[in-house]
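Hi everyone, thanks for coming. Please have a look at the sequence and the model on the screen, and then I'll walk you through a few spots.

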Amino acid sequence: MSAVSGKKILNKLQMFASFKLGSTELAISVVSLQEVVNVPEAISPVPLAPSYLKGIFNLRGTVIPVVDMGILLDLSHSEGAAGKIAVVVADGVKIGLYFDSTSEILNVPADSVCHFNDNPEGVRSVVKSVLKLNNGERLVEVIDPASLLKIENIASLVTASRGNGDEAKKKKFTRRQCITFKSGSRDFGLNLSAIREIIRVPEIKRSSMQVKYSLGVVSLRGVVIPVLDFKKFLQVDELGTGEDAEAQRIIILKIQEFFIGFLVDSVDSIKTYFEEDLLPIPMFKQEKVNMMRGMLAVSETCNVLLLAEDQLFTDGEIHEFTRGHSALYSKENSKALEKETAGERHPYISFKLEYMLSTRLSSVDEIANLTEDMVKPPGYPDYVVGVQHMRGEVVTLVDLRMYYGMKFTGDYSNSRILIVRGAQGKIGLLVDSVESIDTVDEAKKIKIPSLFAKDAITALRGDIQEVIEMPDQSGKKKIFMVLDMPEVLNKLLNPNGSAA
């Protein structure tokens, strides 16, 4: 064979990558295939998504939706298969296709690629051709990524990826905080600015509201607030979660003119992020497509889906939700909490040591858990229990019990870390537990008389000057001592001063 004729034959070859799905073999043109990766540890399911959407994961700063090809094409998976994800590019958006395993690379003559003349509808439309191999004894269906799925927000993703440098700089310095919480096996987040309060679960009284995800109502300082089951509202699976009533919380939002509570399994932390940290999520044609602000990659095994509070309900849902319940939303009731917010109000986070303490939420960068990689450097004071690496920064961890000379438990299994920022970097303050987040009227804080709570003032080295008194869900008064966080940081960062 001459070199010229060999070149002609080579030019007629087309290259495909083949994959296994049970006993079925499928192929993808390498023109559309970017790479093949192992199944990551953290694939985050997406609420209200089609059944074939396995979830999303973070691939080097890009959110990849993963389509289970077995569910999409109604084909069985091989039992115990480790799985592979083929990342393809369709209309400029990357999509992961989940198969059981890889098979081989195929170099196929053009005349062995048989294209269908008809245009089938539904899921079968993703197969546009077949590879006829071994004289027709081996047939391999070819998946066409361009017709695989209809991505809902391609235009916005393309626009976002073309953002100019000035806009990127602006976003870099837009610092926000969000509350992260768990529902079922999934992690969600809401911007802190959207949340009115987070409370422990009181008695939820039955209601006649005709929505399937309503649990009833609670009374918060005389105001009736409907409570929705977050799991049912977003059709979140409950896999892997044994409900812990003690950990459950109600997150109270204001949506339009209504106060609404969501029951969640736990409130985990406060995270500080910049807008540039928020990864856009390619959304399939599904309900509430604008509900997701984006994804925050908190760690290699945890991705948080940040929700847009103003997109949780449609106008029709709010009408259905409130229809026939005008008494719950009377002008007197709807204005009651607004009246409380007439003065200067700020959110406070309450936590436990031997006493119930509180501090301005704005002084806390985030709430975190203790990790196994904590290291105790030599020569540090006893109350410094170690340092921990957190997203590129080394955080010094201070046990507040030891710092204030309280009884040392030595058990940090349930402890939380309040991350605060000082002039010399971040410091983590270990507390027994985080109890709630409440909005407080600054005018109602009380200065502590010198003889009031003398033991507590002495124990806390004069770091409290005020108390907050407010009713709980049942109307009983609860008292928090306000920890002066700037003063605490000043003493910790200046050990030659008044701190031990």
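Let me start with a question: is Cys178 buried or exposed? Cys178 is buried, because its relative accessibility is 0%, and buried here means under 20% relative accessible area, with exposed over 50% and partly exposed in between (1.4 Å probe, protein chains only). Cys114, on the other hand, is partly exposed at 33%.

A quick word on where this comes from. This is a predicted model, where local features need pLDDT of at least 70 and side-chain atom pairs count only at pLDDT 80 or more, while totals for chains, interfaces and linings use all residues. Residues are numbered from 1 along each chain as its sequence is written, and side-chain values use heavy atoms, with hydrogens and water left out.

Staying with cysteines, how many disulfides does a search of the whole structure find? The search finds zero, a disulfide being a pair of cysteine sulfur atoms within 2.5 Å.

Now to the rings. The whole structure has 11 aromatic pairs; rings of Phe, Tyr and Trp (its six-membered ring) pair if their centres lie within 6.5 Å, and planes under 30 degrees apart count as stacked, over 60 as edge-to-face and the rest as tilted. One of them is Phe19 with Phe99, stacked at 4.6 Å centre to centre and 15 degrees between the planes. Phe19 sits in strand 1 (residues 13–21) and Phe99 in strand 7 (residues 93–99), so this pair ties together parts that are 80 residues apart in sequence. Strands (E, at least two residues) and helices (H or I, at least four) are DSSP runs, numbered from the N terminus. Phe19 and Phe99 are both buried.

Compare Tyr213 and Phe233: their ring centres are 5.2 Å apart with planes at 70 degrees, so that pair is edge-to-face. Tyr213 is buried at 9%, and Phe233 is buried at 4%. Ring pairs also link these two with Phe181, Phe188, Phe230, Phe262 and Phe313 into a cluster.

Strand 24 pairs with strand 27 (residues 416–422) in the antiparallel sense over three bridges, and Ile367 stands opposite Leu418 in strand 27.

Conventions
Two strands pair if DSSP finds at least two bridges between them.
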